[in-house]
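Subject: Structure handover and side-chain notes

Hello,

Here is the structure for you to look over.

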Amino acid sequence: MDYISVRDASIKFGLSERRIQKLCEDNRINGCIMVSGVWLIPSSAKKPADERISDIPKKPTNLTLKQFCDYLSISEATGRNWIRLNKIKPNLTATGTPYFDKQYAKTIKREIKTGENSALKSRRNKKYISGNSLYNSYVSSDNKNLSKVQKLLSISQEYKIKFNSNNIGYLIADCALHLFASKNKQEYNNDSNLLAKYLNKDIQLNSYKELVEDLIDNNKSAIQFCKEYPLLFKNNYSYEPKEDILGLIYISFKNLDKRKATGVYYTPTTIVKKLISQLNVKKKDTILDPCCGTGNFLLQLPNDIPLKNVYGGDTDSLSVKIARVNMALRFKNADPNTIKEHISEKNYLLNKLDMSFDYIIGNPPWGYDFSKEDNKILREMYRSTTRKKIESYDVFVEKALSDLSSNGQLSFVLPEAILNVKAHEDIRKIIMDGHSIKYLEYLGNAFDGVQCPSVILQLVHTGKPFSSIGTTVNKSGVTITIETERDITSERFSFLSTDSEYKLLKKIRNQKKVVHLADNADFALGIVTGNNKKYIRNTKTKNNEMVLKGSDIRKFHFNSSDNYIVFEPDKFQQVAPTELYRAPEKLLYKFISSQLVFAYDNKQTLSLNSCNVLIPKIKELDIKYVLAVLNSSVAQFIFKKEFNSFKVLRSHIESIPIPLISKSKQKEIIMLVNPLIKGLDEEEAIDTYKKLDQKIYELFNINKNQQDIIYKALENEKNNLI
């Protein structure tokens, strides 16, 4: 199929280029695709009919696409794809905007939750994973109360008890009474159903009575719940210092869909302790957790920190009430009024504080869905809000930095994306304006059921230009301290290299006669079928052909696949221009990978979106020579030390320097590449690759000592040759 540009389509249809872009975004032009951020339109496409009508129904049951997608907690892009694939159907379209009946939206939401709609089952949104589950990593693995909370969950599931914030509060109040009794060695500690006894005035709670009663919305309802479900109140909880068992009950019973919709991911105690251990908190220091939840970070503070210096806040009312009880348990003879003053229910982002802090700690919300009103206010207040969607943790970092005292420190658990993703460049600029990184630890996927690499980021407010000297970095238990000033920009924070590695990276980067693939190559995504079960077969027929996945790709060559597809681009969710798949020569590379793995293809082989396409377009350089450089240890060294990614992005590949060398030198290298493309046994492949690597080292003037630095950095990685 031939494609034309937006500009060509604009001339063809007699519409503005902006209008063509909008039609493509709304899937109004059949067969249009986006490749590397650019819309391509089939040359045979017809001008869409003008669907604008003068009388748009104003029924309150009509939802726009945005409202429909917000209701389902999916992106508009997903919604448009579902429309195009006939997975959802608007009841009418007006002025290019689809409208959905509200009852239809409710039906779709129910079908996503239950999985009964087979077309949407594989795309079930994570926000709809509901129900109750034991969030056991939240507390220590040897916590004495873990089995008791598990028992609560088992009983609630057996009797199909529906929970809300009110009756969850009853469970927490009962547990709190046990913890106070256990800590103070009260004689009734081993009694069951302390909540009922307390409500019937059979036991007394002196100074902290008000804090516990705040957990109970209505005494009569609580008494009735205790009578109806007595098995839930038979646990005898034991007090353990610095263990947030109250928080464990809350988050284990709070529906996961509500947690994720508000960007709340409760931090495992092991990570909380890691963060606290890196702080040098003194008795006189003031500490704030602006999104304290149930107070776990504050519980882990050193024992000599007084309550008068500890502050916390949150917008979740029940969390704040639990945190107050935890502070009463944590601080001996703490005044309840002081606890209430210091642990408050408020929106940190929208409230100006009347004091600064020596330490601001915690785990701010990730991906919080702000209201339209809050969005407007936040854009007026903060510099990190210039993107289309405001990222909550960016704004929390910005606000916290402004609330630090001189030489004060911020220490947050954050997504690793804050260090290198373009969408967070604003907050990196703010960090560089008067702050430096004191400590950075890479945590990997630290949260239960959340595929999002995380970090502990500790910043210090210096009031001076950003400096890398003294930054300590920990990854996989290996700790380095940077002792040199580095060229750091807001484009990317990269601190994974030692000083000697950084010096070598600079040498590689400063090579004079090099070229890059930026603006010198075609990139293409592999085929996105939209339904692999429908289109992929594991047997060969006369009509289908082999299609590769990322797992089939090796350095220099690919293994034969038992996946086959009938290439019908019009039926797929997303495809690149056919001529890119059918190029006489191209490189294929693994997309989901911690290594650069490129294979050569001159058979016009198709690939799925886990295996992407690269076609170098540098006249002076042979494609096989480019392949050698991209597969080299030098390129992998750059990729690992500068990007630390499990996805090979176009920007990563474009950044690899490729030495400009003569045709004769290229031929020498290609003589080693050819047998690796054809395939060798493992021993021969390793030997040939070492010889090839040596050639690449020579191009970059890398001596033996520098080669040893690269070897050590990559020594635990697979060779991906076979």
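Below are the side-chain notes, grouped by topic.

This is a predicted model, so local features need pLDDT of at least 70 and side-chain atom pairs count only at pLDDT 80 or more, while totals for chains, interfaces and linings use all residues. Residues are numbered from 1 along each chain as its sequence is written, and side-chain values use heavy atoms, with hydrogens and water left out.

**Cysteines**

A disulfide here is a pair of cysteine sulfur atoms within 2.5 Å. The search of the whole structure finds zero disulfides. Cys-226 is in none; the nearest cysteine sulfur belongs to Cys-175, 14 Å away. Cys-226 is buried, at 3% relative accessibility. (Buried means under 20% relative accessible area, exposed over 50%, and partly exposed in between, with a 1.4 Å probe and protein chains only.) Cys-452 is in no disulfide either; its nearest cysteine sulfur is that of Cys-291, at 16 Å. Cys-452 is partly exposed, at 21%.

**Aromatic rings**

Rings of Phe, Tyr and Trp (its six-membered ring) pair if their centres lie within 6.5 Å; planes under 30 degrees apart are stacked, over 60 edge-to-face, and the rest tilted. That rule gives 23 aromatic pairs.

Phe-68 and Tyr-104 are a stacked pair, with 6.2 Å between centres and 10 degrees between planes. Phe-68 is in helix H3 (residues 65–72) and Tyr-104 in helix H5 (residues 102–114), so the pair links distant parts of the chain, 36 residues apart. Helices (H or I, at least four residues) and strands (E, at least two) are DSSP runs, numbered from the N terminus. Phe-68 is buried, at 0% relative accessible area. Tyr-104 is partly exposed, at 26%.

Phe-466 and Phe-493 also form a stacked pair, at 5.7 Å centre to centre and 25 degrees between the planes. Phe-466 lies in the loop between strand E13 (453–465) and strand E14 (472–475), and Phe-493 in the loop between strand E15 (478–481) and helix H22 (499–509), so the pair ties together parts that are 27 residues apart in sequence. Both Phe-466 and Phe-493 are buried.

There is an aromatic cluster too: Phe-163, Tyr-170, Phe-225, Tyr-229, Phe-233 and Phe-253.

**Charges over rings**

A charge sits over a ring if NZ of Lys or CZ of Arg is within 6 Å of the ring centre and within 35 degrees of the ring normal. The charged end of Arg-330 sits over the ring of Phe-331, 4.5 Å from its centre. The charged end of Lys-624 sits over the ring of Tyr-600, at 5.0 Å from the centre.

**Salt bridges**

Side chains of opposite charge can pair when their charged atoms come close. A salt bridge is a side-chain nitrogen of Lys or Arg within 4 Å of a carboxyl oxygen of Asp or Glu. The whole structure has 21.

- Asp-369 bridges to Lys-389, with the closest N and O atoms 3.5 Å apart. Asp-369 is in the loop between strand E10 (357–362) and helix H18 (372–381), and Lys-389 in the loop between H18 and helix H19 (392–402), 20 residues apart. Asp-369 is partly exposed, at 39%.
- Asp-433 bridges to Arg-383, at 3.9 Å. Asp-433 is in strand E12 (residues 433–445) and Arg-383 in the loop between H18 and H19, 50 residues apart. Asp-433 is partly exposed, at 48%.
- Lys-399 bridges to Asp-403, at 2.7 Å. Both Lys-399 and Asp-403 are buried.
- Glu-210, Asp-214 and Lys-340 are linked in a salt-bridge network.

**Thr-471**

Thr-471 is in the loop between E13 and E14. Thr-471 is buried, at 0% relative accessibility. Polar contacts are N or O atom pairs within 3.5 Å; within protein, one must be able to donate a hydrogen and the other to accept it, and residues adjacent in sequence count only if both atoms are side-chain atoms. The Thr-471 side chain reaches the backbone oxygen of Ile-437 at 2.7 Å. A polar atom of that side chain also lies 3.1 Å from the backbone oxygen of Ser-468.

Best wishes
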